[in-house]
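Subject: Structure for your review

Dear colleague,

Please find the structure below, together with its sequence. My notes on what was found in it follow directly after.

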Amino acid sequence: LDLSRQTPEDPAALEAVVQAKPEWIVAATSYAWLGAELKFLQAAKERTGAKRLLTGYAATHFAREIVGRKLADVISTGDPEVACGHLADGTLAAGRPGVLMAGALGELVPAQEAYVEDLDTLPMPDWEPFDRSELSYFPLLKRRPFLTMLSSRGCPYACGFCPYPIGQGKPWRARTAKAVVDEMQHLVERWGTRSILFRDPTFSLDLARTK
């Protein structure tokens, strides 16, 4: 469910979650709306009984408070695919790399960040469930259909004001140029994409790869 274009107070947003009858809710978080997001997820839990796995730098940064107040069951640390992979495999456990959970006494059990070392092994995003006609980056990118891509993750500079090192790690990891171009071609041929926005923190760190 793409609820980013709806306000948490919109009854239709919560009802969409309830109708899905989830056992787990995997939700991205943000600094700007973390309070509203946690409140929405609490309401969803009360209606569905679903457990909550949070991704994103905001949840990671405030993991101790969120888990301590029982506002989430799991918080990913590092690449979200790691914790979500454990969820899919039934191997979630407190202290496992990439997984932040409460221990027996309700305290947050520390865990190392975990990352996907070879980003080329990840599948291309599935845009089928989303209303792509609503997506745009006007006025900078005027041509539509418009979609986004992520060709690398992480940033080695670790500036104190920036959330990317928290959310994606300090090691810079990049997909190969071939994998990036293959996805661009896929977006054009499958979805008729005419504009692509790269969401990399440091897209041009390796200039040879960029060229």
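Leaving aside its neighbours within four places in sequence, Ser76 is in contact with Leu54, Thr55, Gly56, Thr60, Ala83 and Gly98. Please bear in mind, here and in everything that follows, that this is a predicted model. Ser76 belongs to strand 3, which covers residues 74-76, and with a relative accessibility of 1% Ser76 counts as buried, since the cut-off for that class is under 20% relative accessible area.

Strand 1 and strand 2 (residues 51-55) run parallel and are joined by five bridges. Within this pair, Trp24 stands opposite Lys51 of strand 2, while Val26 stands opposite Leu53 of strand 2. Because four of the five residues of strand 2 are buried, strand 2 is largely enclosed by the rest of the structure. Two of the contacts of Ser76 listed above, Leu54 and Thr55, fall within the residue range 51-55 of strand 2.

Two loop residues may also be of use to you. Asp118 is found in the loop between strand 5 and strand 6 (146-149), and with a relative accessible area of 41% Asp118 is partly exposed. Although Asp118 and Ala174 are 56 residues apart in sequence, their C-alpha atoms are 8.1 Å apart in space. Ala158, for its part, lies in the loop between strand 7 (152-153) and helix 6 (164-168), and at 32% relative accessibility Ala158 counts as partly exposed. Leaving aside neighbours within four places in sequence, Ala158 is in contact with Pro165 and Lys170, and the C-alpha atoms of Ala158 and Pro171, which are 13 residues apart in sequence, are 9.7 Å apart in space.

Turning to the protein as a whole, there are eight helices and nine strands. The radius of gyration is 18 Å, close to the 17 Å that the globule rule gives for 211 residues, so the protein is as compact as a globular protein of that length. Along the principal axes, the C-alpha trace spans about 55 × 40 × 35 Å. Of the contacts between residues at least 6 apart in sequence, 59% join residues that are at least 24 apart.

As for burial and surface, buried residues make up 35% of the 211 residues, and the protein exposes about 12500 Å², of which carbon and sulfur atoms supply 56%. There are 25 positive and 26 negative side chains, and the centres of these two sets lie 3 Å apart.

With kind regards

Definitions and conventions. Residues are numbered from 1 along each chain as its sequence is written. This is a predicted model: local features need pLDDT of at least 70, side-chain atom pairs count only at pLDDT 80 or more; totals for chains, interfaces and linings use all residues. Side-chain values use heavy atoms; hydrogens and water are left out. The radius of gyration is taken over C-alpha atoms; the globule rule is 2.2 Å times the number of residues to the power 0.38. Buried means under 20% relative accessible area, exposed over 50%, partly exposed in between (1.4 Å probe, protein chains only). Contact means heavy atoms within 4.5 Å. Accessible areas come from the Shrake-Rupley method with a 1.4 Å probe; for residues, only the protein chains shown count as cover. Lys and Arg count as positive and Asp and Glu as negative; His and the chain ends are not counted. The place of a charge is taken as NZ of Lys, CZ of Arg, CG of Asp or CD of Glu. Two strands pair if DSSP finds at least two bridges between them.
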